[in-house]
Amino acid sequence: MPSKSRREFVKKATGLIGVSTLASTHAHALSLTNPGRDAKDARYVGQEGKRFGMVIDLRKCVGCQACTSACKSENKVPKEKFRTYVPEYELGSYPSVRKAFLPQLCNHCAEPSCVSVCPTGATFARKDGIVVVDNEICWGCGYCINACPYDKRYFNPISNVADKCTLCAHRVDHGLLPACVESCVGGARVFGDLNDPSSHVSRLLATFPATVLKPASGTKPRVFYIALSGEIQSLPYSNGILDDAVRKREGALHKEWSSKGE
Amino acid sequence: MDFGSLLHTISSITPDRPWGIDIPNYFWFTGSSAAAFIISSFAHVFGMKEYKPIAGFSLLLAFVLLVAAPMNLIDDLRQPGRIINFFFYGWENFPTSPMKWGVLLLMAYPLLILAEAIVLYRPYFTMKKGVAYTKEQEEKDHRLGVLLGAIGIPLALSVHGYTGYILGAVHAIPLFHTPIMPILFLASAMVSGTGLLIILLPIFQKFFTDFKRIDYAMMQRLARLLAWFIVIDLVIRFFWLTFAITFNNEEKYALKLFFGENFWEVLIVDYVICLFVPMAIGFIRFFSRSLKWVLFAGVLSAIGVWIFRWNTVIGGQSIGKTTPFLLEYHPHVFGFDSILSVVSNWSLLIALIAAIMALFPWDKEMANYYTKEQ
């Protein structure tokens with residue numbers, strides 16, 4: 001009967017269209033990584049063959065925080081959030097005391113514990129080792145923030161997803177230095193390609209004994225320190241004495257999370 | 001390193017901590033769901049007749065808890081509109097991201113419980129339609145029920161075990177970082193699930209059934225079961241804490257600091273009041289015969305496990321990674337991930353319990369076991 005065959009035709013046609021649409025979206029949608037990496041976008045791939053890292057020569061750091069402010073303005077880092085900063089410590093006991101500065105930023109680890117736990121593939125290491133977050137993919141679960149042993153990730157209140165230091169990838173890809181390195185008055189921060197034996201970073205590492213923060217965490221950081229005191233290397237769990245300038249000004253109790261110190 | 005006393009951090013910033021009050025609540029919900037499922041399997045899979053009357057009820061409870069639980073996670077996301085990204089991208093991280101396993105489990109597990117509940121209550125549904133329920137059909141359904149229950153047990157263990165995995169995998173946080181975390185979470189889950197059952201069962205038996213009678217023997221049995229689950233929980237916690245604080249590497253300093261500062265909340269409130277007291281009530285016949293004491297034990301243990309979840313999730317994050325000492329957490333009252341979120345989630349749970357218990361003829365099934373006795 002014509003009506004029956006028409007119904008059959010409609011059935012089969014819709015079925016076929018349905019299956020093919022599903023199959024095609026699947027082929028495009030399901031990804032091991034994320035769309036940017038699948039599309040081989042240069043910002044996602046990075047500079048192949050290179051391995052970027054930083055050497056921080058603590059003998060030259062004067063704790064001026066030029067890096068902190070340069071980073072904030074270069075990367076438009078929101079209020080109260082920091083991609084890099086320089087905590088100050090007081091070592092020893094009176095009268096033999098001295099101050100120490102420890103510039104910190106994302107270590108762009110070779111074994112980043114933040115990347116392996118990411119359930120959306122939003123955070124990943126580029127081929128040049130720079131660990132970045134795709135802020136259009138990240139769903140803001142915060143797993144990476146907890147997984148980072150260095151406290152170097154935060155929720156960006158504007159994009160509402162995880163955010164972090166990119167080693168100024170947008171500058172590096174155009175042959176410029178990261179903002180914190182460019183602005184370092186003492187020349188303590190040195191940036192370069194660890195794969196290139198003639199680069200400044202490689203020569204420094206070959207010349208001076210260098211170490212990393214929390215080596216026991218097994219993340220293989222690619223930010224190295226020269227003249228790092230043992231007292232602060234593992235960022236120990238110390239007394240509740242902390243002059244948290246931001247919290248002091250803004251008030252502690254209004255925040256969800258705040259430092260307990262004085 | 002023993003330089004702590006010679007070092008003062010005089011200036012730093014406060015780092016971000018992502019997980020708030022929603023997460024302990026989520027862990028409590030999934031844990032209690034897994035426990036309710038296991039208790040229902042005592043009868044369905046292991047054939048323990050004494051748990052038959054509550055098997056259906058606790059199965060439905062397991063379902064409801066697991067439907068409400070993921071709402072906590074969605075509320076905790078900063079970009080809940082991007083849930084689809086989870087399904088589309090990042091599959092290369094599947095082996096190393098327990099969160100990736102979790103979402104799949106969270107979808108499979110409630111579907112399985114629902115299927116099991118439908119199979120279990122099929123005789124009542126078919127009778128309602130006026131269709132005869134044959135002996136053959138009954139045997140078939142029984143086999144299917146056992147099969148679903150048998151698949152469900154590992155699934156229930158996984159659905160809560162993975163939450164322990166999520167925390168245990170975080171080596172950056174000393175309080176989370178232990179391979180015993182999944183087992184620890186399961187053990188405490190059995191405590192909270194049994195506690196919740198102890199609270200809800202008499203309410204439902206008394207007010208929402210035709211026989212309107214509380215099964216005191218069952219309450220005593222559950223109190224006993226609760227006490228044994230607490231024993232298991234305490235033994236696991238003993239192993240955990242003795243290794244973590246005494247024989248650990250540098251993580252032990254952070255843990256000593258944490259447990260020292262939170263001595264009251266952890267040891268007195270959580271361990272003594274919320275675990276030892278209910279355990280004593282369950283084991284001492286004088287108390288376990290009294291409904292009031294058993295209810296008290298149920299409430300204490302349910303609250304105690306919630307506090308344990310809080311102490312673990314919030315407490316773990318309070319430990320400084322780059323900053324000295326501990327951080328403090330003050331949940332927001334309104335908005336995402338706030339006290340109101342948790343209150344809403346509980347309200348949703350109550351609404352769902354009401355809806356599911358109205359839809360499924362659990363009271364008629366339960367009445368079978370009590371009317372026969374008379």
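Guide: What follows is a close look at the contact between chain A and chain B, with a few words on its surroundings. This is a predicted model, in which local features need pLDDT of at least 70 and side-chain atom pairs count only at pLDDT 80 or more, while totals for chains, interfaces and linings use all residues. Residues are numbered from 1 along each chain as its sequence is written, and chains are lettered from A and ligands numbered from 1 in the order in which they are written.

The model scores ipTM 0.92 and pTM 0.91. For chain B the mean pLDDT (the predictor's confidence in each residue, from 0 to 100) is 92, and 98% of the residues reach 70 or more.

At the contact, 66 residues of chain A meet 58 residues of chain B; two residues are in contact if their C-beta atoms, placed from the backbone, lie within 7 Å. On the side of chain A that touches chain B, the elements giving two or more residues include the strands β2 (88–91), β6 (153–156) and β11 (257–259) of chain A. Among the helices there are α5 (113–116), α6 (143–147), α10 (230–233) and α11 (245–250) of chain A. Helices (H or I, at least four residues) and strands (E, at least two) are DSSP runs, numbered from the N terminus. This side of chain A has 34 nonpolar, 23 polar and nine charged residues. Ala, Val, Leu, Ile, Met, Phe, Trp, Tyr, Cys and Pro count as nonpolar, Asp, Glu, Lys and Arg as charged, and the others, Gly among them, as polar.

Strand β2(A) also pairs with a strand of the other chain, β1 (residues 7–11) of chain B, in the antiparallel sense over four bridges. Two strands pair if DSSP finds at least two bridges between them. Within this pairing, A:Tyr89 has B:Thr9 in β1(B) as its bridge partner.

Chain A also holds an open sheet of four strands in the order β8-β1-β10-β9, with mixed pairing. Its edge strands, β8 (189–193) and β9 (210–211) of chain A, each pair on one side only. For β9(A), the partner is β10 (residues 223–226) of chain A, joined in the antiparallel sense over two bridges. There A:Ala210 stands opposite A:Ile226 in β10(A).
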